[in-house]
Amino acid sequence: MSTKARVFATIALQSILLTLLSSFVTGENQDFVRTLDRNLHGFKKEKLTHFRVYWHDIYSAPNPTVMPIVRPPSNTSATLFGSISMIDDPLTEKPELSSKLIGRAQGFYGSAGQEETALLMAMNFVFLQGKYNGSTISILGRNPVFSKVREMPVIGGSGLFRFARGYAQASTHSFDLKSGDAVVEYNVYVLHY
């Protein structure tokens, strides 16, 4: 191959590589991803919504709303480190369980602290009433249960809460040491479309 041919081949190869690299970097020729116009998908103006609900974690009833699914691997932990419980807790309008049912908290929590009682909470608030019926808010975060006010992030949602973000503040309304039953006030602040 002559020198001219080698130079031409090298330039052609470099040109092809630059074109491929350019399309990769700019996102061209990628059928699996594209930029969308948010207005065409109903995402116009973001709003901030506040919910106050009461979360009822009930161990003592004939049909408990919380069920231990993993016991702590060691009985020497004062924090029950390693235990996990599944929940389907009522969310009510007022602290009384007999008040209006707004939704349910479904998910699980686990004892994640070895030295402090702190739970990892992973739950969806599933709304059952009014405009938000069928929509959910997803909460995932650390809950140091003996702190007066605990803050956990809202990481998403579904239905009217697609692309939701925000935070939830939890404060214990009542706690029965003997049964483990608890009523917790949740103030949830959610940015959504």
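In which loop is Leu-80 found? The legends below begin with that residue.

**View 1. Leu-80 in its loop.** Leu-80 is found in the loop between E2 and E3, where strands (E, at least two residues) are DSSP runs numbered from the N terminus. The model is a predicted one, in which local features need pLDDT of at least 70, side-chain atom pairs count only at pLDDT 80 or more, and totals for chains, interfaces and linings use all residues. Residues are numbered from 1 along each chain as its sequence is written, and side-chain values use heavy atoms, with hydrogens and water left out. The phi angle of Leu-80 is near 60°, a positive value in a residue other than glycine. With a relative accessible area of 48%, Leu-80 is partly exposed (buried means under 20%, exposed over 50%, and partly exposed in between, with a 1.4 Å probe and protein chains only).

**View 2. Phe-163 in the loop between E7 and E8.** Phe-163 lies between strand E7 (150–158) and E8, and its phi is near 65°, again a positive value in a residue other than glycine. Phe-163 counts as exposed, at 57% relative accessibility.

**View 3. Residue classes in the lining of the largest pocket.** The lining has 18 nonpolar, ten polar and four charged residues, where Ala, Val, Leu, Ile, Met, Phe, Trp, Tyr, Cys and Pro count as nonpolar, Asp, Glu, Lys and Arg as charged, and the others, Gly among them, as polar. A pocket is an open set of points on a 1 Å grid over the protein atoms alone, where a 1.4 Å probe fits, with protein on both sides within 12 Å along at least five of seven lines, and lining residues have an atom within 4 Å of a point.

Notes: Helices (H or I, at least four residues) and strands (E, at least two) are DSSP runs, numbered from the N terminus.
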